[in-house]
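Please read them with the structure open.

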Amino acid sequence: MSRRDSSQVPVVRIIALLLAVLAILAAGCGSTDDSSVVAWEPDSSVVAWEPLPVDGKCRSGMVLRKGESCTHEYSYQVGTSIDESGTNAIFEEVSKDFFVDDDGRGNYDGLGPTDEISSSTTVGDMDFRFIGHAQSDGTFYIEEATSSEPGESEGRLDTAGAVDCSVGMVLSAGESCWLVGGGEFSVESDGTGCFGGFICSGGSVEINEFSATKDDGVWTIHSIAGTTIR
């Protein structure tokens, strides 16, 4: 009996050793090299949402969630008027609606639903743009919403070297003057006279209390609000 027990001892030890080796190998397979672990980070391309302005206006950099909306507002000058208070600019005000639907897609002034919006309206030398795109988190980012407050350009343009208009002033091609309170009278390169950039003529310009005529290739201002050549 003792011989049988002594012969079985090495076998038991070998089995125990194999089990220990297998346990070590299993532990090694379960471990992970920290250098290969990539920590989760939020998508850096997504612009975070913030509460919308209370005035409801669309602005550059704004983020809207599903169901939210804003209004893209801008204005531009369409003319000039003269009254007893002086010269005043006349503005056209524009308002366009934008909203994000339940799918996170944008809808702008009848355009959409879409993941990307790029709309541009050019008036004279001004370009009013609305550009935006859907984000991976279901929100919509407004990259640009060009805007202008109504009447922000009203009043005289603060331009270096600007000349005030006066009764009796004579202007040649390429010359211009500014009326107190805002508004420009200019003579184009072809000799055409223009008031406010919108009312133009090749012979005479009259609007309210402003008048000027062309004679021998030059323009003479005859009257300004409250003043007239006698």
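1. Cys-58 and Cys-70 are both buried in this predicted model. The two are joined by a disulfide, with an S to S distance of 2.0 Å. The link of Cys-58 and Cys-70 is right-handed, with 95° about the S-S bond. Cys-58 sits in the loop between helix H1 (2-30) and strand E1 (63-64), and Cys-70 belongs to strand E2, so the bond ties together parts that are 12 residues apart in sequence.

2. A second disulfide is formed by Cys-165 and Cys-177, whose sulfur atoms are 1.9 Å apart. Its torsion about the S-S bond is about 95°, so this disulfide is right-handed. Cys-165 is placed in the loop between strand E8 (140-145) and strand E9 (170-171), while Cys-177 is in strand E10 (residues 176-178), so the pair ties together parts that are 12 residues apart in sequence. Both Cys-165 and Cys-177 are buried.

3. The search of the whole structure finds three disulfides, and the remaining pair to describe is Cys-194 and Cys-200, with sulfur atoms 2.1 Å apart. The link of Cys-194 and Cys-200 is right-handed, with 115° about the S-S bond. Are its two ends buried or exposed? Cys-194 has a relative accessible area of 5% and is therefore buried. Cys-200, at 41%, is partly exposed. Counting bonded cysteines along the chain, the disulfides follow the pattern 1-2, 3-4, 5-6.

4. On the overall make-up, the protein has one helix and 17 strands. Of its 230 residues, 30% count as buried. The accessible surface comes to about 14300 Å², and 51% of that belongs to carbon and sulfur atoms. Among contacts between residues at least 6 apart in sequence, 42% join residues at least 24 apart.

5. How many cavities of 30 Å³ or more does a search of the whole structure find? The search finds one. The space in this largest cavity is about 30 Å³. Its lining consists of His-72, Tyr-74, Lys-96, Tyr-108, Ser-119, Ser-120, Thr-121, Phe-128, Arg-129 and Phe-130. Strand E2 (69-83), strand E6 (116-123) and strand E7 (126-134) are the elements that give two or more residues to this lining. By class, the lining has four nonpolar, four polar and two charged residues.

6. Lys-96, one of the lining residues of the largest cavity, is in strand E3 (residues 86-100). Its relative accessibility is 13%, so Lys-96 counts as buried. Setting aside neighbours within four places in sequence, Lys-96 is in contact with Cys-70, Thr-71, His-72, Tyr-74, Tyr-108, Asp-109 and Thr-121.

7. Tyr-76 is another residue of strand E2. Tyr-76 is buried, with a relative accessible area of 18%; the cut-off for buried is under 20%. Beyond its neighbours within four places in sequence, Tyr-76 is in contact with Ile-90, Phe-91, Glu-92, Val-94, Val-123, Met-126 and Phe-128. Met-126, one of these contacts, is 50 residues from Tyr-76 in sequence, with a C-alpha to C-alpha distance of 8.2 Å.

8. Some backbone features deserve a look. The peptide bond from Gly-112 to Pro-113 is cis, with omega near 5°. Pro-113 is in strand E5 (residues 111-114). Phi of Asp-109 is near 50°, a positive value in a residue other than glycine. At 45% relative accessibility, Asp-109 is partly exposed.

9. Asp-216 also has a positive phi without being glycine, with a value near 55°. Where is Asp-216 found? Asp-216 is in the loop between strand E15 (210-215) and strand E16 (218-224). Its relative accessibility is 74%, so Asp-216 counts as exposed.

Note on methods:
Residues are numbered from 1 along each chain as its sequence is written. This is a predicted model: local features need pLDDT of at least 70, side-chain atom pairs count only at pLDDT 80 or more; totals for chains, interfaces and linings use all residues. Side-chain values use heavy atoms; hydrogens and water are left out. On a 1 Å grid over the protein atoms alone, a cavity is a set of points where a 1.4 Å probe fits but cannot get out, and a pocket is an open set with protein on both sides within 12 Å along at least five of seven lines; lining residues have an atom within 4 Å of a point. Grid points are joined across faces, edges and corners, and a volume is the space filled by probe spheres set on the points. Helices (H or I, at least four residues) and strands (E, at least two) are DSSP runs, numbered from the N terminus. Ala, Val, Leu, Ile, Met, Phe, Trp, Tyr, Cys and Pro count as nonpolar, Asp, Glu, Lys and Arg as charged, and the others, Gly among them, as polar. Buried means under 20% relative accessible area, exposed over 50%, partly exposed in between (1.4 Å probe, protein chains only). Contact means heavy atoms within 4.5 Å. Accessible areas come from the Shrake-Rupley method with a 1.4 Å probe; for residues, only the protein chains shown count as cover. A disulfide is a pair of cysteine sulfur atoms within 2.5 Å.
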